[in-house]
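Dear colleague,

I am passing on a structure for you to look through, with my notes set out after it. Please keep it open beside you as you read, so that you can find each place for yourself.

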Amino acid sequence: MSERMAASAMPLPALPRFGPPDPLPPARANADMVRDILEMGFFLESGRAVPALSRFDGPVTLRVTGAPPVGALTDTDRLIQRLRSEADIDITRVPEDQPARINVTFLPRARIRSLVPQAACFLVPNVSSWQDFRANRRNPALDWAQVSVRQEVGIFIPSDTTPQETRDCLHEEVGQALGPLNDLFRLTDSIFNDDNFQTALTGFDMLVLRAWNDPALQNGMRPAQVAAVLPAVLARLNPRGERGGTGPAGPTPRAWINAIEAAFGGEGGRDMRLDAASRALTLANAAGWQDGRLALSLFLVARFLPPQEGEAALAALIRAGAIYRDLPGAEVHAAHVDMQLTVQALASGQMDLVMQLTTRAIPVARRTENAALLSSLQLLRAEALQAMGARADAAALRLDSLIWARYGFGTDDAVRARLAEVAALTRALPVSR
């Protein structure tokens, strides 16, 4: 245990930096993307219809105001560079004292929740500051369904959250400021999905943004007009996607969404979250889904089943993992399943299985820039190495994991709590000398 204690006692390193972006490329057929972009672009998350396409005309400026946390400006600049190079969007960050079309404001989470209680972060049209939003929040001009041309957008992000959540908010909210506004649970290959598995804009997302801002589309176009033009746009931008699609995905009923949100929400304790996840699974099975919605329902049921139902949880995880591995862009979802399986394998002393699962999942976590997942997988693998007698390798990997944990979990206390949580999994196992 001395190695773990030494790791937890050492000063935690500064925030890490990911290498050059290497997002997974879009893997779905263009015909499916047309369907998805239309649903993303012409409906809000509430289900309300958006009558016409809207976007910025011309170059886009972005400024950061408020109290950006450590690393936020670096992540913002990295995002802007990706948008320029991958989505071909003319976007530039300007000083905070200059007007901009996208206004990113950092402020305490409590202030955000005082007006929008359920929001982790959000964006609003036709405002440039928090004061502007507070003064006009009931103004019809702030209704996205009424926007015909995007003039300016306000984005509000907590200043007191983890670096990874800050980065996630930047990617999703800036992405939606530049493109479609809806989130779809069935899109495993997109950050625009409230399952929160994807934490940075994907190759699919960048292609969506490039198509949404293509010169062939114009502000004010109706859904039927966009549907007529979009296939040619995608054929030009993504020729490898010119193949047969999967056909209609079917609607996602509000009852299932409500059940999933209740399972994610954390209110009412584990039993209530399990009940919500079980309702979602019942609805998914009744609908005959074989996509990410069924896999997510299975994953959440497995997470909340009590320890005495470990076999049922294992079966649900295995089934969820099999579904995710057949879906485009769901590698990171499968890696989350692998992490849960790794926890079970480590706690039961199956060290070879821990090594196999983490060997498969760690590269995915790194490539998708999910520091919290990467750190957790490394900590689990370090415990297996420790138990197998490879103490030097375990210590080196544990140190590397703490670097990523700082980005994924934030505070020193949160990082050390995660380290202790993983170490506790092997407490009852024999200690290697």
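Arg82 counts as buried, because its relative accessibility is 4%, and buried is the word for anything under 20%. Please bear in mind throughout that this is a predicted model. Arg82 is found in helix 3, and, if residues up to four places away in sequence are not counted, Arg82 touches Pro21, Pro23, Ala87, His171, Ala200, Leu201, Thr202 and Met206.

Gln81 also has its place in helix 3, but Gln81 is partly exposed, with a relative accessible area of 48%. The C-alpha atoms of Gln81 and Thr92 are separated by 8.7 Å, and these two residues are 11 residues apart along the chain.

Helix 3 covers residues 72-86, and its axis and that of helix 7 come within 10 Å, crossing at roughly 65 degrees. The crossing of these two helices is right-handed. Which residues make the contact between helix 3 and helix 7? On the side of helix 3 they are Arg82, Leu83 and Glu86, and on the side of helix 7 they are Met206, Leu209 and Arg210. When the residues of this contact are sorted by class, 3 are nonpolar, 3 are charged and none is polar.

**Helix 2 and what covers it**

Is helix 2 mostly covered or mostly uncovered? It is mostly covered, since 9 of its 12 residues are buried. The buried residues of helix 2 are Asn30, Asp32, Met33, Val34, Asp36, Ile37, Leu38, Met40 and Gly41, and what covers them includes helix 7 (203-212) and helix 8 (223-237).

The axes of helix 2 and helix 8 come within 10 Å and cross at roughly 145 degrees, and helix 2 passes helix 8 in a right-handed crossing. In this contact, Asn30, Met33, Val34, Ile37 and Leu38 of helix 2 meet Pro223, Val226, Ala227, Leu230, Pro231, Leu234 and Ala235 of helix 8. By class, the residues of the contact of helix 2 with helix 8 are 11 nonpolar and 1 polar, with no charged residue.

**The nonpolar cores**

The largest nonpolar core has 67 residues, and those with the most contacts inside it are Trp256, Leu296, Leu300 and Tyr324. A second core, which is separate, has 55 residues and includes Val64, Trp144, Val153 and Leu209. To return to Trp256, its contacts, not counting residues up to four places away in sequence, are Phe185, Ala280, Leu283, Ala284, Trp289, Arg293, Leu296 and Ser297.

**Residues in the loops**

Glu369 has its place in the loop between helix 14 (351-367) and helix 15. Glu369 counts as buried because its relative accessibility is 6%. Leaving aside neighbours within four places in sequence, Glu369 is in contact with Phe18, Gly19, Pro21, Arg78, Gln164, Arg167 and Thr199. Pro21 is also among the residues that Arg82 touches.

Met388 is placed in the loop between helix 15 (371-387) and helix 16 (391-409). At 42% relative accessibility, Met388 counts as partly exposed. The C-alpha atoms of Met388 and Gly241 are separated by 46 Å, and the two residues are 147 residues apart along the chain.

Two further loop residues deserve a look for their backbone angles. Asp88 is not a glycine, although it has a positive phi of about 60 degrees; Asp88 is found in the loop between helix 3 and strand 2 (91-93), and at 56% relative accessibility Asp88 counts as exposed. Asn126, another residue other than glycine, has a positive phi near 65 degrees. Asn126 lies in the loop between strand 4 (122-125) and helix 5 (130-136), and Asn126 is partly exposed, with a relative accessible area of 28%.

With best wishes

How values were computed: Residues numbered from 1 in each chain as written. Predicted model: local features only at pLDDT ≥ 70, side-chain atom pairs only at ≥ 80, totals over all residues. Heavy atoms only, no water. Buried < 20%, exposed > 50% of the residue type's maximum accessible area, 1.4 Å probe, protein only. Helix = DSSP H or I, 4+ residues; strand = E, 2+ residues; numbered from the N terminus. Contact = heavy atoms within 4.5 Å. Core = buried A, V, L, I, M, F, W, Y, C linked by side-chain atoms within 4.5 Å. Axes fitted to C-alpha atoms, helices over the stretch in contact; angles between N-to-C directions. Left-handed = near helix turned anticlockwise from the far one by under 90°. Nonpolar A, V, L, I, M, F, W, Y, C, P; charged D, E, K, R; others polar.
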